[in-house]
Amino acid sequence: MKMNEASKTPASGVNAGAGVRFLTIDEDQAGQRLDNFLRVVLKGVPKTRIYRIIRKGEVRVNKGRAKAETKLQGGDVVRVPPVRMSEAKAPVVPGMELARQLEAGIVHEDDALIVLNKPSGIAVHGGSGVNLGVIEALRQLRPDNRFLELVHRIDRDTSGCLLVAKKRSLLRHLHTQIREHKMTKVYNALVDGRWSSRRTQVSVPLLKRTLPSGEWVVKVQADGKTALTYFTVLQRFEKATLVEADLKTGRTHQIRVHTRHSGHPILGDDKYGYEHMQELTRSIGLSRLFLHAARVGFHMPDGEYREFEAPLPDELNGVLKNLKSM
């Protein structure tokens, strides 16, 4: 990020003693909304405060008033007013164990991208009672990276490949591939019972609803969104089947609902599973959802196709060993 000579304050964080800053938008930052830009520049400042300073005209774009939804362009100069430290919440610092897990889970990292083998039980972002998710923790662990954003999301209980962009240009590029269903997303799932080798795809529409509690639930419904998953049997056991699920669309809980619709829910799934599955999950030592994002593939801006794999976690390999011995 370039800065006007009138300001030497770094573009990230909140500085109690800083004066007005004039920040020049570069090509990588172009295209984002003003409010989202300020949330990065004024880390820790509540959203309500950010919207207030925009409404009051304290924030200017090219010397003029602007709205929160204003799209910033390369070369725009944004006036950022000083914000008192007392108005900002102190960022939650990741604990040693979370930091260790995330660092150990990095499959690949370069100047534009992080590929993470996300552990199960960790949300990808904070909110809904979660103070700190993967993205917030990575921003604390990578303070020199002024831009870190999730490319996509996976459920809290799901482990495996998660992409984090270090450049807005790459984020936009990958989002285009996701919208056009050109990104490869392959999962491993252990399902209840015997999955038929003849069932190679499930294509039923899904509708997401929010319950009064705020929890999401997804159902197969005719007026829902189109959803397609291809399935391949990887390994059979007496009471379960390890399958590979190749997502052709990216609907919420898609694999979990498609397997349930097929009569074979994923083991360890408290939301979409059958009650009789609980005895089997206990007997094989499974204490989480057996769903793992095993592989992700995409084209880089230069046209190169890249594919990354996340090995199955030790606890899931242990479950497979227990199944073999039954």
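Two strands count as paired if DSSP finds at least two bridges between them. I also note that strands (E, at least two residues) and helices (H or I, at least four) are DSSP runs, numbered from the N terminus.

The model is predicted, so I keep to its rules: local features need pLDDT of at least 70, side-chain atom pairs count only at pLDDT 80 or more, and totals for chains, interfaces and linings use all residues. Residues are numbered from 1 along each chain as its sequence is written, and side-chain values use heavy atoms, with hydrogens and water left out.

**Strand E7**

I looked up E7's partners. Strand E9 (residues 159-165) runs antiparallel to E7, with six bridges joining them; here Ile114 stands opposite Val164. Strand E6 (residues 106-109) pairs with E7 in the antiparallel sense too, over three bridges, and His108 has Val115 as its bridge partner. I find a hairpin of three residues joining E6 to E7.

Next I checked burial (buried is under 20% relative accessible area, exposed over 50%, partly exposed in between; 1.4 Å probe, protein chains only). Six of the six residues of E7 (113-118) are buried. Leu113, Val115 and Asn117 cover one side, and Ile114, Leu116 and Lys118 the other.

**Rings**

I searched the whole structure for aromatic pairs and got two. In one of them, Trp195 and Phe231 have ring centres 4.6 Å apart and planes at 45 degrees, so I log the pair as tilted. My cut-offs: centres of Phe, Tyr or Trp (six-membered) rings within 6.5 Å, with planes under 30 degrees stacked, over 60 edge-to-face, the rest tilted. Both Trp195 and Phe231 are buried.
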